[in-house]
Amino acid sequence: MAQLYKIALWNANGIVNHKYEIETFLVLNKIDILLISESHLTSNTSFKIPYYLVYNAAHPDTERRARAGAAIIIRQGVKHHMLNKIEKPYLQAVSVVVTDWYGPITISAAYCPPNYPANKQAFINYFNQLGNRFLAGADYNAKHTSWGSRLTAPGRGKVLYEVMQELHLQHLSTYKPTHWPTDRNKLPDCLDFFVTKGFAAGYLGITTNEDIASDHT
């Protein structure tokens, strides 16, 4: 039966060490679909959550250590099918298609590691793959004041904003910091947010709860 879904975005900085925290968060908040940035899983990692299915897109170089990556944790019983994963050094993404009251919608989780130059075509290819109606939650590692960053970065932030303008995409953000650096000389900033397409104004809502769209590092 078509329905509305409760979706959250979480930068876990490694989900294995946060397994019980994630389980509690899913249950207490009745989450249907949890999008994970920095899942830190390899293609051979077995990670399970009771009553949920887990799909992961790994960084292609995980032989030395698990790092980067994106994952989707979706409640069993939610009808869905997967799209092709993206497992490039500069972008990892995993996507599923579900159905709500208005028809099919692609839900995607992604992670863009910071140590790669801005790649405009990679963003275009990624968003075009998601179709005409999608919600893509990620740590884009892109700073732009439009979605609540302290400043606009001349590299990835500017490039991502230009792509969103060209493709007529919108963003959904808390406009609050989602990343708190371990280096005390660096300031918190907003790096985690949703990019959307095909939704009428007011259809999507977002909570300001710190557990959603936040970087738990």
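Tyr 140 has a relative accessibility of 0%, so Tyr 140 counts as buried (buried means under 20% relative accessible area, exposed over 50%, partly exposed in between, with a 1.4 Å probe and protein chains only). This is a predicted model, in which local features need pLDDT of at least 70 and side-chain atom pairs count only at pLDDT 80 or more, while totals for chains, interfaces and linings use all residues. Residues are numbered from 1 along each chain as its sequence is written, and side-chain values use heavy atoms, leaving out hydrogens and water.

Tyr 140 takes part in aromatic pairs. Rings of Phe, Tyr and Trp (its six-membered ring) pair if their centres lie within 6.5 Å; planes under 30 degrees apart count as stacked, over 60 as edge-to-face and the rest as tilted. The count by this rule is eight aromatic pairs. In one of them, the ring centres of Phe 123 and Tyr 140 are 6.5 Å apart and the planes stand at 55 degrees, so this pair is tilted. Phe 123 belongs to helix α2 and Tyr 140 to the loop between β9 and α3, 17 residues apart. Helices (H or I, at least four residues) and strands (E, at least two) are DSSP runs, numbered from the N terminus. Phe 123 is buried too, at 5% relative accessibility.

Phe 127 and Tyr 140 make another tilted pair, with 6.5 Å centre to centre and 45 degrees between the planes. Phe 127 lies in helix α2 and Tyr 140 in the loop between β9 and α3, so this pair ties together parts 13 residues apart in sequence. Ring pairs join Phe 123, Phe 127 and Tyr 140 into a cluster with Tyr 126, Phe 134, Trp 147 and Phe 193.

What is the size of the largest nonpolar core? It has 24 residues, and among those with the most contacts inside it are Phe 123, Phe 127, Tyr 140 and Val 195. A nonpolar core is a set of buried Ala, Val, Leu, Ile, Met, Phe, Trp, Tyr and Cys residues joined through side-chain atoms within 4.5 Å. Helix α3 gives the largest share of this core, five residues. A second, separate core has 19 residues, including Ile 33 and Ala 70.

Strand β4 (residues 70-75) has five of its six residues buried. Strand β4 pairs with β2 (residues 33-37) in the antiparallel sense over five bridges, where two strands pair if DSSP finds at least two bridges between them. Ile 33 stands opposite Ile 74 in β4. Six bridges join β4 to strand β3 (residues 52-57), also antiparallel, and Leu 53 stands opposite Ile 74.
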